[in-house]
Amino acid sequence: PPQEKSLPEGPRFRPIPLSPGLLAFAYIGGFFAVQSFWAGAFAYAQGLSPQEVGRVLSGLNLASILGALGGGGLAARLGSGRALLLGMGLFGLGLLWASGGGNLGAAYALMGLGGGFNGLVLAHTATLFPHAPGRAMAGVNLLGVLGIFALQAGLGPAVEVLGYRGALLLLALLQGLGALPLLGLGLPARGRRG
């Protein structure tokens, strides 16, 4: 018979309901905003030729496929939270590498590899809300989609004010904030149940 539990507790924290939504906004939104538009724009701004841009974008997309394939296996071994943390870390590292002027092909490969883990957000959400996984995943997915649109649009003004490197650094910071609950630094649930 199913156990009468509300939210399962992690080793050091109990996630608040908004935690996976904020994670989805930052991570899913950030990755697809970069993959679908800003990676190409940044590459052109660095002076790459159309052929070179095509190569680095192909590398990003191929790496994202590898990340998607490997993420599930890692989640089975490490748990969805730890696997997500690894994916976000790789994606953030790629952003930092690109913003610091590192090799763009390698930076994009890291972004793609880490970003490919994004499907684990919904799997992780289901483990946090075992008695209403469908509703929880729908809400988290909605926040992820909103994040894509918000960050696609929001990076434009950020680029104008901070430049491309500053905007990528800001996006890397957002990944760190989104990952805080996975590190056990989320806000306490304050006794909330269900």
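Which residues line the largest cavity?

Guide: Before the answer, please keep in mind that this is a predicted model, and that what follows is computed from it. The largest cavity is lined by Val34, Trp38, Phe42, Leu155, Val159, Tyr164, Ala167 and Leu168.

Let us now ask where the lining comes from. Helix 1 and helix 6, which covers 133-179, each supply at least two of the lining residues, and it is helix 6 that gives the most, with 5 residues.

Take helix 1 to begin with, which spans residues 19-45 and packs against helix 2, residues 50-78, at an angle of about 155°, with the two axes 9 Å apart. Helix 1 and helix 2 are therefore roughly antiparallel to each other, and their crossing is right-handed. On the side of helix 1 the contact is made by Phe31, Gln35, Ala39, Gly40, Ala43 and Tyr44, and on the side of helix 2 by Pro50, Val53, Val56, Leu57, Leu60, Asn61 and Ser64. Sorted by class, the residues of this contact are 9 nonpolar and 4 polar, with no charged residue.

Helix 6, in turn, meets helix 3, residues 80-99, and here the axes come within 8 Å and cross at roughly 160°. Helix 3 and helix 6 are therefore roughly antiparallel, but the crossing of this pair is left-handed. Among the residues that make the contact are Leu85, Met88 and Phe91 of helix 3, together with Arg165, Leu168 and Leu169 of helix 6. The contact of helix 3 with helix 6 counts 11 nonpolar, 4 polar and 1 charged residues. Leu168, in particular, is part of this contact and also belongs to the lining of the largest cavity.

Finally, return to helix 2, whose axis comes within 7 Å of the axis of helix 4, residues 104-115, with a crossing of roughly 30°. That angle makes helix 2 roughly parallel to helix 4, and the crossing is right-handed. Helix 2 contributes residues including Val56, Leu57 and Leu60 to this contact, and helix 4 contributes Gly105, Tyr108, Ala109, Gly112 and Leu113. By class, this contact holds 8 nonpolar and 5 polar residues, and no charged ones. Val56, Leu57 and Leu60 take part here as well as in the contact of helix 2 with helix 1.

Key: Residues are numbered from 1 along each chain as its sequence is written. This is a predicted model: local features need pLDDT of at least 70, side-chain atom pairs count only at pLDDT 80 or more; totals for chains, interfaces and linings use all residues. Side-chain values use heavy atoms; hydrogens and water are left out. Axes are lines fitted to C-alpha atoms, for helices over the stretch in contact, and angles run from 0 to 180 degrees between N-to-C directions. Helices (H or I, at least four residues) and strands (E, at least two) are DSSP runs, numbered from the N terminus. Angles under 35 degrees count as roughly parallel, over 145 as roughly antiparallel, 65 to 115 as roughly perpendicular and the rest as oblique. A crossing is left-handed if the near helix is turned anticlockwise from the far one by less than a right angle, and right-handed if clockwise. Contact means heavy atoms within 4.5 Å. Ala, Val, Leu, Ile, Met, Phe, Trp, Tyr, Cys and Pro count as nonpolar, Asp, Glu, Lys and Arg as charged, and the others, Gly among them, as polar. On a 1 Å grid over the protein atoms alone, a cavity is a set of points where a 1.4 Å probe fits but cannot get out, and a pocket is an open set with protein on both sides within 12 Å along at least five of seven lines; lining residues have an atom within 4 Å of a point.
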